Amino acid sequence: MKKIKILNKAFTKPISCLTAYSPSIAKILDGKIDLILVGDSLGSTLYGMINTQGVTMDMMKHHGKAVNREIKRSLKVLDMPYKTYDNKIDAYSNAKILLNHCAPDLLKIEISEKKLVVLKHLVDKKINVISHIGVTPQSYKNFNKIKVLGRTNKEKKYLLNLAKESETLGAKAVLLECITADTAKLITENISIPTIGIGASRYCDGQVLVFDDLINLTTNNKKPKFVKNYLNFNKIASNAVKKYNQEVKLKKYPSAKFTYN
Ligand code: KIV
């Protein structure tokens, strides 16, 4: 696959990745960053769910298709939703549905020791898979319970082992979510597929952020430490809305310029 070489460590440049849930955002991102992820974070970010466990195959199919249609240059990554890859059979049949419907370059699944067998099965079936380890949001009903991992030796060892197993079984990359810098460094230095981090320090081979966080579109008051707002869209949009409202009330909009004769 031509573009997949981005996921080769020899590519050296840190890999950039952002989420997109809609065609308009996909168009903005395409070609400017390496990977575009239709993440199941759309459950909480877009649909206002309290976690990602309510995200369905249909949601991923609709958003995946709408987004991926617009992507011409970046690599397309799609999340498999909660409970759709609990065993090998379900995983493969749901993966095929998502691949046929949305044509992503890679699928991403959240991995625990128990899920390694699923990862292997998908790879054996020639599917490109990203292994998501560390904090795996699909395992949390309550996001407030999420805590950074990799602080204890036991966690460090467990995560390193998961990453190594993911590589051995054929994952194309490992996504590290909310883990300490030293654990991210240890993993990155000990595997030869790229690590892509979110809340996992600069030691990863790449970084991913939720686009809505990048532009501060979310109304979430509790901003995780790793989120950097590159733009305050919330403020800019609020001001635009206020101005529009004022102009409508004052009958300044629509003026002649915006009127058909
Ligand atoms: O669903 C998602 O957007 C993700 C990112 C947080 C990496 O998995």
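**Entry 1: terms and model.** I take two strands as paired if DSSP finds at least two bridges between them. Helices (H or I, at least four residues) and strands (E, at least two) are DSSP runs, numbered from the N terminus. The model is predicted, so I note that local features need pLDDT of at least 70 and side-chain atom pairs count only at pLDDT 80 or more, while totals for chains, interfaces and linings use all residues. Residues are numbered from 1 along each chain as its sequence is written, and side-chain values use heavy atoms, with hydrogens and water left out.

**Entry 2: the barrel.** I looked up the sheet and found eight strands that close into a barrel, in the order β1-β2-β3-β4-β5-β6-β7-β8, with parallel pairing. On average, neighbouring strands of this sheet are turned by 25° against each other, direction ignored. For such angles, axes are lines fitted to C-alpha atoms, for helices over the stretch in contact, and values run from 0 to 180 degrees between N-to-C directions.

**Entry 3: a helix on the strands.** I found helix α5 (residues 116-124) lying across β4 (106-110) and β5 (129-134). Its direction is at about 165° to β5.

**Entry 4: the ligand.** Which residues surround the ligand? I listed T19, L37, G39, D40, S41, D79, K108, H132, L175, E177 and I198 (each with a heavy atom within 4 Å of the ligand). This shell divides into three nonpolar, four polar and four charged residues. In this grouping Ala, Val, Leu, Ile, Met, Phe, Trp, Tyr, Cys and Pro count as nonpolar, Asp, Glu, Lys and Arg as charged, and the others, Gly among them, as polar.

I next looked up distances from ligand oxygen atoms to side-chain N or O atoms. The distance is 2.5 Å for S41, 3.0 Å for D79 and 3.1 Å for D40. Taken alone the ligand exposes 260 Å², of which the protein buries 95% (Shrake-Rupley method, 1.4 Å probe).

**Entry 5: backbone details.** I noted a cis peptide bond between Y253 and P254, with omega about 0°. P254 is placed in the segment after α9 (233-249). A103 is not a glycine, yet has a positive phi of about 50°. I located A103 in the loop between α4 (88-102) and β4.

Terms used:
Polar contact = N/O pair within 3.5 Å; in protein donor to acceptor, adjacent residues only side chain to side chain. Contact = heavy atoms within 4.5 Å.
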